[in-house]
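This report goes through a structure with the sequence and coordinates at hand.

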Amino acid sequence: MPDLKERFKGLDEVRVPELQRAIQARASILQRAEYQTTAAEAWERYERRPRMTTRLTQALAAATILALGVGVAVIFHYARTSGPAHPRPTPSLAPGIVAWVNRPAPAYSPPPQPSPTPYPTSAAPCLAGQLSVSAGPSGAAAGNDLEGFTFTNVSPTTCLLGGRPRVTGINAAGRRVALPLNPGQTFFGPVLPADLVPGAKGFLNFGTGYACGSGADQQATSQYRGLWFDLPRGGRLQSSLTLIAGSCGLVMDDLGLHAPVSPVPTPAPGTPGTLDAHVDLPQSVRPGQTLRYTVTLHNSTPVPVELNPCPSYSQMVDYRPSYSGTLRAEAFWLNCDQVKVIPPGGQVVYAMELRVPSDATTGLTKYSWELNTPDGPYAGGAVTIG
Amino acid sequence: MEDESQDAVEALYRTQGERIWRAVMAYTQDPDLASDAVAEAFAQALVRGSAIRSPARWVWRTAFRIAAGMLQERSRSVRLAGTESYLMRDLGGELLTGLARLPAKQRAALVLFYYADYPVRQIAEILRSNPIAVRVNLSRGRNRLRRILEEKHA
């Protein structure tokens with residue numbers, strides 16, 4: 001028998017889930033709590049601050065240029081300007097915050113991702129008798145929960161796993177029903193059809209979430225016991241497995257294997273995609289009111305980032321939070337009137353505004369912000385509507 | 001300074017993230033719990049920034065302590081039907097199956113010693129224990145695990 005050290009080396013073969021999104025989401029929540037007080041103070045100053053003059057603007061801009069000239073990493077302090085060519089910005093402004101401007105931009109569509117390399121799919125479709133089903137994998141990231149099922153090819157021949165099965169389960173009333181599925185795919189996809197060699201495993205993923213609706217509705221769950229899987233090419237796999245759907249309902253991917261992970265492209269030095277973004281949101285906003293918050297863009301690279309051409313950004317709030325709900329997404333141009341360059345180590349705080357529809361559902365909702373470039377940056381948080 | 005510390009945490013995730021997750025998973029016998037504990041440890045490291053002197057040691061220690069707390073919490077609750085350890089069936093390793101039969105403290109000591117390559121003194125620090133107790137857990141765990149693994153081959 002191999003010694004224990006060798007045995008433990010075998011652990012290296014265990015597949016590890018991707019945790020980066022979960023880490024970033026959790027860090028964002030922790031940071032938000034930490035900055036809550038700071039943000040509240042900033043907004044208090046914002047409201048109390050008298051209007052600044054153009055002369056002060058010019059003085060601050062000159063000071064900034066001077067600071068740039070001597071290579072000092074600075075936090076930019078700008079005041080607003082107004083002019084006939086530009087929409088009127090937010091009427092008052094705290095030092096260190098660049099005014100928001102109501103300058104709508106075209107909706108942004110990121111460049112299409114390269115299609116993932118397909119898996120071999122030459123075998124005959126898997127029949128129920130060739131497969132066994134078990135629970136897992138599961139996971140959570142960015143408010144999405146993954147509940148997956150593993151399909152193992154227990155036959156001596158290779159078969160093709162793919163397509164969309166019909167899944168039924170016994171509901172709380174004791175009746176076998178088809179699982180109610182919302183359109184769309186899970187957060188954890190994509191999944192591709194693939195030939196499964198004997199002993200290989202494929203997956204069927206369900207996505208759900210637990211923060212939809214308002215108040216007590218968010219805690220509601222639906223349980224489906226004794227799941228049956230009717231395969232696309234016929235045959236039924238029966239199991240005693242259970243699936244729990246959160247208040248956001250369920251979405252389901254096709255059967256198959258997760259697409260290979262493509263390497264994430266690195267943004268070119270000096271481009272806005274290299275910036276880091278952080279949002280500071282208030283704790284709550286009422287339906288019909290304007291959500292006022294700040295976005296901080298930080299240049300952590302050794303290269304100055306030019307905001308030329310001026311990038312646009314998108315702000316999104318899921319004000320009827322559910323998989324089938326309405327997502328409010330708006331694109332605006334960043335206020336590049338004064339800030340043309342963010343030097344290495346520098347950061348700029350921008351005021352942001354988003355009108356919350358008067359028919360917005362109350363409750364905790366997700367919010368996200370991104371610069372409209374293929375590389376982001378992205379930031380997000382949560383805010384209570386109500 | 002903050003950027004440097006964030007870079008250090010990110011570098012740690014790239015180089016040791018998977019290893020930490022596997023170690024915590026072997027200790028807790030639960031991939032979900034391992035993911036939660038490791039993600040929380042890295043997130044806290046990111047937020048604390050330069051306040052952490054040695055991110056690697058800090059994250060290892062924090063992930064194990066968070067996982068230990070979660071295990072304790074879970075022992076007071078009832079698991080949902082159908083969610084019981086698919087790990088044993090699907091990850092299928094004899095080692096993991098064998099580890100599952102050991103007490104948590106022995107499991108933690110073995111994983112940190114044989115998989116994470118930590119010396120006894122640091123294991124004691126990670127587990128909030130002392131070197132003597134760790135040696136006892138290592139010795140008992142090692143003997144018991146060997147017997148379990150030999151049973152399977154008998």
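This is a predicted model: local features need pLDDT of at least 70, side-chain atom pairs count only at pLDDT 80 or more; totals for chains, interfaces and linings use all residues.

**Chain A overall**

Chain A contains three helices and 24 strands. Of its 386 residues, 34% are buried. Among the contacts in chain A with a separation of 6 or more, 73% are between residues 24 or more positions apart.

**Strand β10 and its partners**

Strand β10 of chain A covers residues 222–230. Its pairing with β5(A), residues 166–170, is antiparallel and has four bridges. Within that pairing, A:V167 is bridged to A:F229 of β10(A). β10(A) also pairs with β12(A), residues 243–245, through three bridges and again in the antiparallel sense. There, A:Y224 has A:L243 of β12(A) as its bridge partner.

A further antiparallel pairing, also of three bridges, links β10(A) to β11(A), residues 236–238. A:D230 is bridged to A:R236 of β11(A). β10(A) and β11(A) make a hairpin, with five residues between the two strands. The turn includes A:G234, whose phi is positive at about 95 degrees.

| Strand pair (chain A) | Direction | Bridges |
|---|---|---|
| β5 (166–170) and β10 (222–230) | antiparallel | four |
| β10 and β12 (243–245) | antiparallel | three |
| β10 and β11 (236–238) | antiparallel | three |
| β17 (290–298) and β22 (347–355) | antiparallel | nine |

**A four-stranded sheet**

Four strands of chain A form an open sheet in the order β1-β22-β17-β15, and the pairing is mixed. At its edges are β1 (97–98) and β15 (276–280), each of which pairs on one side only. β22(A), residues 347–355, and β17(A), residues 290–298, are joined by nine bridges and run antiparallel. One of the bridged residue pairs is A:H298 with A:Q347 of β22(A).

**A glycine in β9**

A:G207 belongs to strand β9 of chain A, which spans residues 201–208. Is A:G207 buried or exposed? A:G207 counts as buried because 25 other C-beta atoms lie within 10 Å, where 20 or more are needed. The C-alpha atoms of A:G207 and A:G246 are 9.2 Å apart, although the two residues are separated by 39 positions in sequence.

**Nonpolar cores**

The largest nonpolar core has 50 residues. Its members that touch the most others are B:V24, B:V38, B:F42, B:A63, B:F64, B:V111 and B:L112. Elements supplying at least two residues each to this core come from both chains: α2 (20–48) of chain A, and from chain B α1 (2–28), α2 (31–48), α3 (55–75), α5 (94–100), α6 (104–115), α7 (120–126) and α8 (131–153). Another core, of 32 residues, lies apart from it and includes A:L291, A:L297, A:L334 and A:A360.

For B:L112, the contacts beyond four places in sequence are B:A23, B:Y118, B:I123 and B:I126.

**Helix α2 of chain B**

α2(B) is 18 residues long and spans 26 Å between its first and last C-alpha atoms. That span is close to the 26 Å expected at 1.5 Å a residue. The helix is largely enclosed by the rest of the structure, because 15 of its 18 residues are buried.

**Backbone angles in loops**

B:Q29 sits in the loop between α1 and α2 of chain B. B:D117 is in the loop between α6 and α7 of chain B. How many other C-beta atoms lie within 10 Å of B:Q29? The count is 20, so B:Q29 is buried. For B:D117 the corresponding count is 11, so this residue is exposed.

In chain A, the peptide bond from A:N308 to A:P309 is cis, and its omega is near 5 degrees. A:P309 is part of the loop between β18 (305–306) and β19 (312–317) of chain A.

Conventions:
Residues are numbered from 1 along each chain as its sequence is written. Chains are lettered from A and ligands numbered from 1 in the order in which they are written. Two strands pair if DSSP finds at least two bridges between them. A residue is buried if 20 or more other C-beta atoms lie within 10 Å of its own, exposed if 12 or fewer, and partly exposed in between; C-beta atoms are placed from the backbone. Two residues are in contact if their C-beta atoms, placed from the backbone, lie within 7 Å. A nonpolar core is a set of buried Ala, Val, Leu, Ile, Met, Phe, Trp, Tyr and Cys residues joined through C-beta atoms within 7 Å. The expected span of a helix is 1.5 Å times one less than its number of residues.
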